[in-house]
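Here are my notes on the model you sent over, as numbered points. Have the sequence and the 3D view open while you read.

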Amino acid sequence: MCVYEITGGRPLAGQLTVQGAKNSVLPILAAAVLADGESVIHNCPNLSDVSATLDILRLLGCRVAREGDTVRIDASTLGDSRIPDQLMGEMRSSVVFLGALLARCGGAELSYPGGCELGPRPIDLHLTALRALGAEVREEGGHLLCRSGRGMAGRELCLSIPSVGATENAILAACGCPGLTTIVGAAREPEIEDLQAFLRSMGGQVEGAGTSVVRVLGGKRLHPAEHTVIGDRMAAATYLCAVGAAGGCVCLKGVESGCLTAVLSVLKEAGADVQGEGDTLSIACAAPLCGVRTVRTAPHPGFPTDAQAPLMAAMSCGTGTTMFVENMFLNRYRHVGELARMGADIQVDGRVAVVTGRPLHAAQVRGTDLRGSAALVVAALGAQGKSQVSGVRHILRGYQSLDGDLRALGAQIEKKELPAGTH
Ligand code: UD1
């Protein structure tokens with residue numbers, strides 16, 4: 001088993017270029033199947049979720065080649081529209097292939113993505129949107145069978161929750177539907193704008209991403225294109241919280257500061273000196289973070305649920321009291337029990353967690369989901385002594401080199417292989 005061994009209490013310093021965004025690259029790779037030819041994606045992070053997506057593309061018959069941060073996908077050889085259970089099980093977000101395959105092949109077959117470590121994650125909104133566009137969707141023995149049936153056509157859709165995945169699936173499917181699709185109540189995340197940018201460079205007529213109304217004039221054949229993925233705002237938020245926990249002065253490049261307004265304003269309120277201009281973010285923390293007004297997770301541009309755990313870790317080793325309200329996912333406080341092993345004072349009642357900052361000490365802790373595991377690394381950087389954080393396989397789903405990046409900033413962190421059963 002792999003763990004990170006971290007000696008905390010050392011301030012971080014230096015400059016870092018943040019990896020490409022996981023949540024952008026996954027739907028963009030799926031969108032590459034819409035073109036009959038080779039698309040080229042730059043700034044593609046090297047993550048296990050990306051490898052799983054490339055495996056799906058290969059299985060569908062695409063030719064895929066990776067060289068450094070650049071991935072080439074030739075979808076002219078696409079021959080299949082079925083995704084086997086094992087690959088679906090690896091990554092819930094592969095559900096975004098539904099819309100892309102419907103648009104390209106007029107059908108898709110994949111297994112139902114069940115619950116995940118964050119609690120139940122339904123896809124009812126995805127299916128309602130696809131059905132509204134005319135897709136026939138059957139659910140049989142844990143499988144989803146989608147066909148364009150008597151023909152799909154653009155129309156107005158209304159999402160009752162601004163779901164990121166449902167918005168992306170609807171946009172991708174709408175690219176294959178003749179006529180105008182209007183998605184009302186769309187999610188406004190920057191990653192959806194990035195998907196729109198790629199589709200437009202493929203000749204797609206998509207507008208409105210970043211607002212709650214997205215319009216797609218579909219039915220036109222798309223051509224292959226070249227695209228550079230935006231920087232990962234969740235990785236950036238993690239590094240900002242790491243500085244909040246350990247102290248120091250760090251400059252991050254490659255992420256638009258406007259994508260992180262909610263996170264930056266909380267860190268400022270907590271006493272950090274945060275500056276954001278264009279694609280450069282800087283943070284300096286001379287003293288531990290202090291308690292702030294209630295942090296409520298919400299769809300973009302609200303406070304992102306993915307930054308909740310890393311921020312909570314930083315606040316745990318600060319001073320004062322902060323209340324968190326997790327509005328997006330039911331089971332997103334799994335890091336709390338592990339933070340308590342490091343001495344954190346956190347009281348949870350349903351969706352609410354009340355954190356009172358105090359000095360943390362080192363411990364052996366176990367990460368059970370992506371951002372929760374990253375949060376334990378953040379806490380270990382702020383704790384006195386040598387901690388061991390497991391859950392590295394979760395971290396590798398979303399961070400290309402969390403340990404390498406933090407080492408570059410002066411952190412004492414090593415990846416270690418332990419014999420099974422020793423943690
Ligand atoms: C995406 C992000 C994830 C982030 C989340 C919320 C990717 C690959 N993942 O996940 O990192 O934490 O947005 O910002 O981009 N819902 C339904 N029915 C549905 C779909 C969603 O009820 O059919 C609910 C979910 O349970 C959740 C809320 O809507 O409470 C938002 O989820 P959604 O935006 O769909 O998250 P994902 O796209 O899965």
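1. Let's start with Ser257, which sits in the loop between strand S15 (248-253) and helix H9 (261-269). Helices (H or I, at least four residues) and strands (E, at least two) are DSSP runs, numbered from the N terminus. Is Ser257 buried or exposed? Ser257 counts as buried because its relative accessibility is 11%; buried means under 20% relative accessible area, exposed over 50%, and partly exposed in between (1.4 Å probe, protein chains only). Setting aside neighbours within four places in sequence, Ser257 is in contact (heavy atoms within 4.5 Å) with Leu264, Gly276, Glu277, Gly278, Thr280 and Leu281.

2. A word on what you're looking at. This is a predicted model, in which local features need pLDDT of at least 70 and side-chain atom pairs count only at pLDDT 80 or more, while totals for chains, interfaces and linings use all residues. Residues are numbered from 1 along each chain as its sequence is written, and side-chain values use heavy atoms, with hydrogens and water left out.

3. Next, helix H5 (residues 124-132). Its buried residues are Leu125, His126, Leu127, Ala129 and Leu130. As a reminder, an α-helix has 3.6 residues a turn, so residues three or four places apart point the same way. What do the buried residues of H5 pack against? Their partners are helix H4 (97-105), strand S8 (136-140), strand S9 (143-147), strand S10 (156-158) and helix H6 (164-175). After H5 comes Gly134, with a positive phi near 110°.

4. Follow S10 onwards. S10 pairs with strand S11 (residues 179-184) in the parallel sense over 3 bridges; two strands pair if DSSP finds at least two bridges between them. The chain goes from S10 through H6 to S11 in a right-handed β-α-β crossover, that is, with the strands pointing away from the viewer, the path from the first strand over the helix to the second runs clockwise. S11 is also joined to strand S13 (residues 213-218), antiparallel, by 6 bridges, with Gly179 opposite Gly218 in S13.

5. Then there's an open sheet of 4 strands, ordered S22-S23-S1-S24, with mixed pairing. Its edge strands, S22 (364-366) and S24 (412-417), each pair on one side only. On average, neighbouring strands of this sheet are turned by 25° against each other, direction ignored. Strand S1 (residues 2-7) and S24 are antiparallel partners over 6 bridges, and Ile6 has Ile413 in S24 as its bridge partner. Helix H12 (residues 370-382) packs on the sheet, touching S1, S22, strand S23 (386-390) and S24, and its direction makes about 175° with that of S23. Axes here are lines fitted to C-alpha atoms, for helices over the stretch in contact, and angles run from 0 to 180 degrees between N-to-C directions.

6. Last, two backbone details to check by eye. The peptide bond from His300 to Pro301 is cis, with omega near 10°, and Pro301 is in the loop between strand S18 (295-296) and helix H10 (308-316). Asn43 is not a glycine, yet has a positive phi of about 60°. Asn43 belongs to the loop between strand S3 (38-42) and helix H2 (48-59), and it counts as partly exposed because its relative accessibility is 22%.
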